[in-house]
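Here is a short briefing to read alongside the model. Take a look at the fold, then follow the points below.

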Amino acid sequence: MRDPNCIFCKIVAGEIPSKKIYEDETTIAFLDIYPANPGHTLVVAKDHFSTILGIPEDNLYNLSKVLKKVASSIRESMNAEGLNILQFNGSVAGQTIPHLHFHLIPRSKDDGLGFAWPHRQLPEEEMEATRKKLAEKMGYRG
Ligand SMILES: [Zn+2]
């Protein structure tokens, strides 16, 4: 599956060059062209799935193994003290290229990137109603 207008599909097909660090049957990893820090890597499904909701589980399982391998390589080769793994689904969530990908960003104490979101407090009734709604959808009866 491929989208002829998709930049990541073109990278997978080799039509656009990339700084590849890994590739197997279903997954590819290459350096982000606009790195937040040196070693910032994208792990990308080779087939064109817009978001995580579209990828078959076997394919996602393989991709997650690659995530771990790349994380380990970044930690050792880039002397990263920490690592962010980020993945966006949908433009409202900040996804700019609608082809499933994960960002791996090496972190160090003084890199100045920061990372934060607001820690809201919701009323207990709202938390429990949300929990019930999601647990039911998950088939969880605990
Ligand atoms: Zn694509």
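Where does Asn-79 lie? Asn-79 sits in the loop between helix 2 and strand 4; helices (H or I, at least four residues) and strands (E, at least two) are DSSP runs, numbered from the N terminus. This is a predicted model, in which local features need pLDDT of at least 70 and side-chain atom pairs count only at pLDDT 80 or more, while totals for chains, interfaces and linings use all residues. Residues are numbered from 1 along each chain as its sequence is written.

- Five strands make an open sheet in the order 1-2-3-5-4, with antiparallel pairing; two strands pair if DSSP finds at least two bridges between them.
- Strand 1 (20-23) and strand 4 (82-86) stand at the edges with a single partner strand each, so one side of each has no neighbour in the sheet.
- From one strand to the next, the twist averages 15°; axes are lines fitted to C-alpha atoms, for helices over the stretch in contact, and angles run from 0 to 180 degrees between N-to-C directions.
- Strand 1 and strand 2 form a hairpin with three residues between them, and their antiparallel pairing spans three bridges.
- Tyr-22 has Ala-29 in strand 2 as its bridge partner.
- Strand 4 and strand 5 (residues 101-107) run antiparallel and are joined by five bridges, with Ile-85 opposite Leu-104 in strand 5.
- Helix 2 (residues 57-77) packs on the sheet, touching strand 1, strand 2 (27-31), strand 3 (41-45), strand 4 and strand 5, and its direction makes about 165° with that of strand 3; contact puts C-beta atoms, placed from the backbone, within 7 Å.

**The core**
- The largest nonpolar core has 19 residues, and those with the most contacts inside it are Ala-29, Leu-42, Val-43, Val-44, Val-70 and Leu-104; such a core is a set of buried Ala, Val, Leu, Ile, Met, Phe, Trp, Tyr and Cys residues joined through C-beta atoms within 7 Å.
- Buried takes 20 or more other C-beta atoms within 10 Å of a residue's own, exposed 12 or fewer, and partly exposed lies in between.
- Helix 1 (7-12), strand 2, strand 3, helix 2 and strand 5 each give two or more residues to this core.
- Not counting residues up to four places away in sequence, Val-70 touches Tyr-22, Ala-29, Thr-41, Val-43 and Leu-104.

**Two loop residues**
- Asn-79 has a phi near 50°, a positive value in a residue other than glycine.
- Asn-79 is exposed, with 10 other C-beta atoms within 10 Å.
- Gln-95, in the loop between strand 4 and strand 5, is partly exposed, with 16 other C-beta atoms within 10 Å.

Conventions
Contact = placed C-beta atoms within 7 Å.
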